[in-house]
Number of protein chains: 2
Amino acid sequence: MAATVAATACLTFAHPAVAQDVKPDRAIKYRQSVLRAMDYNMDILEAMVKGETPPNKEVAAQSALFVEQLSHMPWSGFGPGTDQGAPTKARPEIWKDPEKFKSLQNDLMAATAKLAASAKSGDVAQWKGDFSAVADACRNCHRSFRAR
Amino acid sequence: MAATVAATACLTFAHPAVAQDVKPDRAIKYRQSVLRAMDYNMDILEAMVKGETPPNKEVAAQSALFVEQLSHMPWSGFGPGTDQGAPTKARPEIWKDPEKFKSLQNDLMAATAKLAASAKSGDVAQWKGDFSAVADACRNCHRSFRAR
């Protein structure tokens, strides 16, 4: 059963087949962990964008790199059957409209790649704009797929 | 105070200065999230190593890449002052012997880089050996610095 769920997840989300038996609660906690880590790094960047902390190229570049890397990781944790099994704000729409969900994932990953590149380049105005685009991509997905 | 803590953390752990005010509970939950996500991907690899799931080059390469990327992320969450503030198994020795802690971090990051490379190459015998080295690096650090 779990193997079937995992296999179906791959077809649905076009991720590599995760062949192991992933229990729903493990998958839910995994995706939450990744998203929490992404949020932490976004907060570091946001503090600079808002002027709450002085701009620091090295910190910005590292946080943006981590955000980009993390943005690829949570999706395998949203396989079918993982709509429950642990407390989650994931809405059933994720599994009802996987194409839209996938499209918003792609939007996020495209935005984080731009942010990582501009933060590395040190162009502050550019990376602040790219940061906003990533934040928008987060919000767009949450609006449709995360319960309040 | 928090800014001082963050600045000291950088000197101690040689990470980029995280200039924002990171509250200890946030830092603790961040590092736990990253380590949990690393553990999840290690479990995917371990299931293949143990023969519980069939070897899959694409899955192995992706999981190993995620492990490598994640292995760079938790350390900024261990700044001074983050020995308490949320439930944690981090032992006080982390802040008493930062050089040893840093050395074990470096061992882990060196091991995960090898694993990511061999898993990408598809040399199954090689990556299974490199997986064991990463697992050893995890255990070495836990033995000294994580409470049971």
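The expected span of a helix is 1.5 Å times one less than its number of residues. Keep that rule in hand for the second view below. The model shown here is predicted, so local features need pLDDT of at least 70 and side-chain atom pairs count only at pLDDT 80 or more, while totals for chains, interfaces and linings use all residues. Residues are numbered from 1 along each chain as its sequence is written, chains are lettered from A and ligands numbered from 1 in the order in which they are written, and side-chain values use heavy atoms, with hydrogens and water left out.

**View 1. Chain A is built from six helices and zero strands.** Along the sequence, the pattern reads α-α-α-α-α-α. Helices (H or I, at least four residues) and strands (E, at least two) are DSSP runs, numbered from the N terminus. Of the 148 residues of chain A, 45% are buried; buried means under 20% relative accessible area, exposed over 50%, and partly exposed in between (1.4 Å probe, protein chains only). Contact means heavy atoms within 4.5 Å. Among chain A contacts between residues at least 6 apart in sequence, 75% join residues at least 24 apart.

**View 2. Helix 5 of chain A reaches 35 Å from its first C-alpha to its last.** This helix has 24 residues, and its span is close to the 34 Å expected at 1.5 Å a residue. Its buried residues include Phe101(A), Leu104(A), Leu108(A), Leu115(A) and Ala119(A). Lys102(A) and Gln105(A) are buried in this helix too. Just after the helix comes Gly122(A), with a positive phi of about 85°.

**View 3. The largest nonpolar core holds 72 residues.** A nonpolar core is a set of buried Ala, Val, Leu, Ile, Met, Phe, Trp, Tyr and Cys residues joined through side-chain atoms within 4.5 Å. Which members touch the most others? They are Leu45(A), Leu70(A), Leu45(B) and Leu70(B). Both chains take part: among the helices that each supply at least two residues are helix 2 (24-49) and helix 5 (98-121) of chain A, and helix 3 (57-71) and helix 6 (124-145) of chain B. Leaving aside residues up to four places away in sequence, Leu70(B) touches Leu70(A) and Met73(A), as well as Val34(B), Ala37(B), Met38(B) and Asn41(B). In soluble globular proteins, nonpolar side chains tend to be buried together.

**View 4. A salt bridge links Asp39(B) with Arg26(A).** A salt bridge is a side-chain nitrogen of Lys or Arg within 4 Å of a carboxyl oxygen of Asp or Glu, and the count over all chains comes to ten. Here the closest N and O atoms are 3.8 Å apart. Asp39(B) lies in helix 2 of chain B and Arg26(A) in helix 2 of chain A, so the pair joins two chains. Asp39(B) is partly exposed at 37% relative accessibility, and Arg26(A) is partly exposed at 31%. Together with Asp43(B), these residues are linked in a network of salt bridges.

**View 5. Two further salt bridges each sit within one chain: Glu46(A) with Lys50(A), and Asp136(B) with Arg139(B).** In the chain A pair, the closest N and O atoms are 3.5 Å apart. Glu46(A) is partly exposed, at 29%, whereas Lys50(A) is exposed, at 54%. For the chain B pair, the closest N and O atoms are 2.8 Å apart. Asp136(B) and Arg139(B) both lie in helix 6 of chain B, three residues apart, about one turn of the helix. An α-helix has 3.6 residues a turn, so residues three or four places apart point the same way.
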